[in-house]
Amino acid sequence: MELPSGFISKETWNKVLNYIALSDESPPYLLMDSQMVADKVSLIGKGIRNSKVFYAVKANPDISVIKLMHSLGTGFEIASEGELALLSTLNVPPEKIITSNPVKTFRFLEHAVDYGVSYYAFDSIAEVDKLAKYAPGCKVYIRLTVPNEGSEWPLSKKFGVEMEEAEQLLIYAKDKGLDPVGITFHVGSQCNNVYNWNTAIDKARELWESLSQKGISLKILNIGGGYPIRYTKNVADIETIEKKINKALKQKFSDDVEVFIEPGRAVVGDAGIFVSTVIGKTKRGDENWLHIDVGVFNGLMESIGGIKYTYVVGSRNDPMKWTISGPSCDSFDVIDKDVLLPEPELGNRILILSSGAYTISYASEFNGFSIPKTILI
Ligand SMILES: *Cc1c(COP(=O)(O)O)cnc(C)c1O
């Protein structure tokens, strides 16, 4: 197999090939390169003054991955009692945990308050009422809607409010005894438009200013996640994005404002390599189909939302076009179309690059195909 350029280092590639050659583990499984995760953890946030990083656990909640991040000192962003339980097994201190899900379950709130988590997002009156009851006096930030154009996985429809409502809600939260500390937004996941952060920061600034005139002085700007990774095409690198964000922050906010960042995909995405097997080849009309043992339901759910992966096979045949499908009997289980690949043999390995985020965490055992193991190398 040949290393495609621009994805992973020679060292990582060698680690992957060695693991495949020497291990008894049978595919499919997800390899996670610990060095790449560690590198991302030390990189993200470095370019943004007065910032703290909270890894969005939903991107990849594998215990070995979380343990590694905890040992490196990262904080965590969570949304459920399951994610909290995971962190509690590692004794992650509550100061290292925030929750930015604007609508939380009652059970999660009970567990989070009990654990000592103190930062909560919200975007409705009902949530303020709920927080006032279950987490009296807690610190809250409002989720503001911001443009998600150019993001491959938009997140702006479900959550967030516009300026005027945001202002009223923060005031309402204060009246209800909560501590309104800040503003949060999410530019959309896999955000390929660096200007989204600028627009969002401008908008947050306006709200910040208007609240300060009404006697509410905020302290925290939570810029959410959204940093992109390379799937097939090049993306802006983290240094460039953070430089732009930092510049905007400098212009619009004073130095003592604390910045929270909640990256998910960018921390774990490109460190993940799925090892899968070619289980069938068929011809449907004039389409050539390649059937593999990882699909939409047991790992590659994001493919139906438009994420296109890069595949690697060992074959030296001339490249041809494939429709790639997963192992289940559901006709939804098609991962990609028009993928150029040399024809592999049945039983050959097929590697799927940049598959460390939103893969195993989405996987189900639909149709009896087990969820692939995650192995940290
Ligand atoms: C999912 C999520 C993130 C992580 O987003 P990425 O695009 O993976 O970086 C951050 N914050 C919140 C509130 C989220 O829901």
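How many residue pairs are in polar contact across the interface of domain 1 and domain 2? I found six, both residues of each pair at pLDDT 80 or more. I took a polar contact as a pair of N or O atoms within 3.5 Å; within protein, one must be able to donate a hydrogen and the other to accept it, and residues adjacent in sequence count only if both atoms are side-chain atoms.

**Ground rules.** I am reading a predicted model, where local features need pLDDT of at least 70, side-chain atom pairs count only at pLDDT 80 or more, and totals for chains, interfaces and linings use all residues. Residues are numbered from 1 along each chain as its sequence is written, and side-chain values use heavy atoms, with hydrogens and water left out.

**Domains.** I noted domain 1 as 10-30 + 270-376 and domain 2 as 45-262. The bounds come from an automatic or database domain assignment. Their centres, taken over C-alpha atoms, are 33 Å apart.

**Interface.** I looked up contacts (heavy atoms within 4.5 Å). On domain 1, 17 residues touch 16 residues of domain 2. The two domains bury about 1,500 Å² between them, 56% of it on carbon and sulfur atoms. Buried area here is the accessible area (1.4 Å probe) that two parts lose on being put together, summed over both. Ile 307, Tyr 358 and Leu 376 supply 34% of the area domain 1 buries against domain 2, more than any other three residues. I then checked for salt bridges (a side-chain nitrogen of Lys or Arg within 4 Å of a carboxyl oxygen of Asp or Glu). The count between the domains is zero.

**Ligand.** I listed 14 residues around the ligand, each with a heavy atom within 4 Å of it. The closest are Lys 58, Ser 189, Glu 262, Arg 265 and Tyr 358. A side-chain N or O atom of Ser 189 is 2.4 Å from a ligand oxygen. Glu 262 puts a polar side-chain atom 2.6 Å from a ligand nitrogen. For Tyr 358, I read 2.6 Å from a polar side-chain atom to a ligand oxygen.
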